[in-house]
Amino acid sequence: MNRPARALSQGFWTCLGCRQLVPKPPAASCLCPRCGARMHGRIDGSIMLTWALTITGALLLIPANVLPVMTVIYLGSGDPSTIVGGTLELYHNGLWGIALIVFVASVAVPVMKLVGLVLLCLIVQRRWDVSPRQAMRIYRVVNAIGRWSLLDLFMISILVALVDMGAIADVAAGAGSTAFATVVVVTMLAVRAFDPRLIWDVYEEKITAQPGLAQHKSHRENE
Amino acid sequence: MSEPPLEYDAQPEGLARRSRGLSLVWLLPLIAALIAVWLLYKDFTQGDIRVTILFSSGEGLVKGKTAVKYSGVEIGVVNDFRLVPNAKDLNGQDGVLAEVSFNHSAGYLLTRGSKFWLVKPEVSLTGVRGLETLVSGNYIAIEPGSGPTQKHFVAVPEPPAYVRGDGLRVTLKAPRLASLSRGSPVYFRQLEVGQVESYRLSEGANEVEIGLFIRREYADLVHRGSRFWNASGVSIQGSISGVTVEMESLASLIAGGVSFYTPDSQIHTPKAEDGNEFKLYKSFADADAGIPITLNFNRGVSLTEGSTQVFYQGIRVGEVNAVKANRSIDGMEVEVLMDPITDDLLTENTRFWLAPPTLDFTSGVNDLLKGNRIEVDLRTGNRSLRSFDAASSPPARDARTPGLHLQLTARNTGSIQRGASVYYRQMEVGRVQGMELASDGSRVIVYVVIEPRYAHLVDSDSRFWNVSGVRASASLQGVKVETDSLLSVVRGGIAFGSGPQHSKSVAKARSGDSFRLYSSREDAMEEGINIYIDLTGDEGLKEGTPLRYRGIQVGEITRLRLNYEMDGVRARARLYRRAERFARTGTRLWVVGPKIGLNGVDNLDTLVTGPFLELEPGLGNEPQTEFVALAAKPEPDLADTMMMPGLALILDAPRRGSLKRGSPVYYRQVKVGQVTGYQLGELADRVYIYVYIEPEYRTLVREHSKFWNASGVDVNFGVMTGLDVHTESAQALLAGGIAFATPNNPEMGLEVESGSHYPLYGKPEDEWLLWSPKIELYPSLEDSFK
């Protein structure tokens with residue numbers, strides 16, 4: 001057996017705040033004796049929480065794209081624009097570079113995040129035969145790109161604050177931006193709710209069931 | 001909470017807590033789902049309605065921008081266009097089909113009979129419309145119809161008349177449409193009670209049928225016997241202070257309108273009903289809707305029936321209907337039809353008079369020459385009259401006109417006539433009301449009214465002058481033609497202003513004050529004192545020739561006469577007020593004319609403007625008004641030069657040579673002074689030449705300085721040296737000059753005082769030209785005034 005030892009199987013919990021190892025208490029959760037953070041062997045109902053938040057995000061993506069994110073009032077006439085509409089307008093105006101950035105930040109990233117979260121949940125729950133390293137890669141990417149969607153909201157909030165010239169030009173944030181902000185926040189929470197250690201739990205389970213497979217796999221991965 | 005022991009060999013125990021259920025988390029997706037479902041539902045049920053509108057031209061429509069507005073609210077937007085060739089809705093013309101997406105809420109407007117038209121900014125005589133589109137862009141307006149729902153419409157080319165609500169609709173028949181248009185107002189006693197709704201050619205095309213809409217609340221005013229005529233929107237209102245004329249708007253004045261009136265005889269006819277037809281008359285007189293009045297003239301006047309008109313302040317308010325001699329055959333009885341709007345103003349205070357033909361620019365070229373006309377001054381009063389005594393000439397004045405009433409007395413009035421303007425700083429502030437000969441016939445009295453708001457401009461110090469005609473003056477700088485206004489050239493005018501020594505404390509003028517009317521501004525503003533100048537000839541001087549001091553005009557010649565002995569000219573000149581101190585002893589005058597000589601050209605501008613009189617103030621204190629002009633500019637006399645801060649020297653020369661007053665004095669070919677005069681010595685054995693050295697150069701002259709005559713040319717010729725021509729300057733060559741040199745230090749000697757004598761040599765010795773002493777210029781001020 002050349003598998004690394006795991007805290008849980010040794011009767012320890014890890015504190016997610018300060019990485020303190022604590023002997024497994026009798027209850028389902030406890031407070032870290034060092035930093036006082038709540039500790040779990042595994043995050044309580046991690047998969048369920050992730051599912052809930054992911055579905056919320058996916059549903060909120062609808063109003064975020066249907067409702068206008070901001071209304072640019074120029075010379076008295078308003079022009080509400082949705083995310084996709086604004087991106088298309090930028091593209092038609094030849095600003096395809098900016099259009100690409102806006103598209104990536106406000107369409108691709110949230111969708112990618114949601115897809116990634118769904119995949120992770122399915123891998124853990126359905127015991128999909130995906131190498132745990134691939135799953136971890138998905139998790140890291142989803143975790144890393146999480147905050148980049150806030151780019152749009154920064155832009156909108158700056159425009160709303162700066163462009164206020166009465167009837168000549170004005171920018172007002174739309175309800176879509178609230179929905180969009182909620183999507184971003186909810187997906188970030190979903191990523192936090194997902195406990196990546198579950199991936200390894202699943203892997204451990206599989207190896208215990210089929211040692212040969214584990215031998216073969218760990219060999220291949222060690223290369 | 002108890003502190004756990006921080007020892008690494010003993011693993012600390014976690015603190016146990018009971019976990020809670022997590023089912024609340026699922027509220028979040030539930031809420032999100034509700035929001036999403038609601039939005040989708042809304043989008044699905046309240047989505048846009050697609051409608052097509054056919055325009056004859058796509059001009060002014062912008063894809064995705066042009067909105068459809070109803071009552072100012074945006075209810076849709078143009079999504080796309082499509083060209084429709086040979087649209088049958090447009091009689092086979094090519095059209096533009098606009099696809100418009102409407103708000104769901106505006107669906108009820110999309111019915112048969114709804115009218116769409118494009119609103120563009122439009123500035124026309126009848127008004128400014130759609131100005132907001134300048135900022136917000138064109139939009140499509142809609143007037144809803146009533147009927148079943150419809151998805152395809154044809155736009156109307158222009159907005160339908162703005163007629164809303166219930167009312168009476170009658171038809172007028174007229175031979176011509178004249179200036180009426182859709183939306184033109186319908187007046188009853190100047191009150192807008194309706195508008196022109198439509199017009200079309202009648203069957204047979206020999207008449208125009210004009211549809212009128214009268215609002216319900218005024219429908220009772222229209223009787224079967226009412227008369228309609230073409231009218232403009234002028235209203236006249238009387239009050240105690242006078243009468244004001246108000247135009248409804250320039251637009252209604254030009255675009256016209258319809259007035260109606262029910263003559264007393266027709267007041268009992270039944271009320272009009274929808275569809276009744278009336279004749280549209282050209283004017284109230286044609287409509288026989290005027291108020292008949294009688295004017296009694298006490299002598300025969302030239303009036304034409306049907307053509308002579310009655311004006312009130314330029315507005316036509318009546319027309320002569322019939323003219324006949326009165327019973328005693330010593331006057332005329334004129335029947336006039338007055339516009340019904342004057343009804344309340346035909347009172348015992350109203351005056352009629354016959355106005356002579358006038359040349360009038362104010363009312364346009366068409367009316368330049370008007371024939372006889374009757375003018376009326378409408379006044380409110382207690383008693384309504386229908387018969388008036390009319391005057392055959394305009395009243396000289398009317399004290400009832402509001403404003404400041406003044407009398408100006410003039411020897412003659414030039415082209416001033418009744419109605420001429422009174423100007424203050426070229427702004428019209430009043431009018432000439434009339435003119436009258438003074439009782440003794442010596443003067444003309446001009447009655448002037450200043451508008452009340454300008455009355456404060458006139459005070460007892462004001463001066464009035466005639467501004468009729470044109471003034472011109474020419475100089476090298478150009479020709480200046482001045483007139484107060486073109487109108488004043490023809491109609492005459494009066495201007496007023498304050499005299500030069502105007503003070504604010506002067507009492508304001510009051511009505512009835514009398515002023516003199518001067519013939520020109522110069523006369524009015526005349527100030528200063530007269531002086532008399534004796535000249536040998538006129539020297540090219542004229543009346544108006546300026547008197548100048550240092551280039552500034554301080555007076556002018558007002559009269560030139562031969563003197564009593566007939567051997568000279570005597571000029572009277574006026575010194576302006578600020579220049580009065582020139583009229584004292586010691587002042588000298590001379591004529592400055594163009595001078596062309598070896599020294600250059602002087603006063604060339606006087607070739608064009610003519611010579612002028614230059615004067616130099618005297619030092620005396622006694623007043624003096626009699627002067628004798630000098631022949632030329634006086635030179636400073638010798639005694640004066642001795643007093644001057646520079647150095648005055650006397651050079652002893654055997655002959656004068658070509659030296660004269662003004663000849664230059666050179667030091668190293670730099671001019672440092674000049675010859676101020678010469679005279680024979682006491683024994684006539686020599687000539688004294690007086691030289692003045694400028695103060696800053698006086699240190700150059702020392703005891704042993706040598707002076708020589710630098711006039712002419714010094715030519716040296718030698719076999720070895722060649723030809724050497726030498727002169728101090730080209731001017732010295734012709735006009736003569738003096739040069740001097742000072743020996744090197746320390747042989748030069750001391751500085752000298754004014755009055756020192758030096759010999760003047762005929763030519764320099766070679767050695768003198770080589771001297772180069774170092775002398776400090778610009779000595780201290782104390783030294784230079786020694």
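A salt bridge is a side-chain nitrogen of Lys or Arg within 4 Å of a carboxyl oxygen of Asp or Glu. The model discussed here is predicted.

Q: Why is the pair Lys324(B) and Glu333(B) called a salt bridge?
A: The closest N and O atoms are 4.0 Å apart. The cut-off is within 4 Å, so the pair counts as a salt bridge.

Q: What makes Lys324(B) exposed or buried?
A: Its relative accessible area is 51%. Exposed means over 50%, so Lys324(B) is exposed.

Q: Why is Glu333(B) put in its accessibility class?
A: Glu333(B) has 23% relative accessibility. Buried means under 20% and exposed over 50%, so Glu333(B) is partly exposed.

Q: How do you know that Arg570(B) forms a salt bridge with Glu626(B)?
A: The closest N and O atoms are 2.9 Å apart. That is within 4 Å, so the pair qualifies. Arg570(B) lies in strand β39 and Glu626(B) in strand β44 of chain B, so the bridge ties together parts 56 residues apart in sequence.

Q: What makes Arg570(B) and Asp534(B) a salt bridge?
A: Their side chains meet at 3.5 Å, N to O. This is within 4 Å, so the pair counts. Asp534(B) lies in strand β36 of chain B, so this pair ties together parts that are 36 residues apart in sequence.

Q: Why is Arg570(B) classed as it is by accessibility?
A: The value for Arg570(B) is 27%.

Q: How many salt bridges does the structure hold over all chains?
A: The structure holds 17.

Notes: Residues numbered from 1 in each chain as written. Chains lettered and ligands numbered in written order. Predicted model: local features only at pLDDT ≥ 70, side-chain atom pairs only at ≥ 80, totals over all residues. Heavy atoms only, no water. Buried < 20%, exposed > 50% of the residue type's maximum accessible area, 1.4 Å probe, protein only. Helix = DSSP H or I, 4+ residues; strand = E, 2+ residues; numbered from the N terminus.
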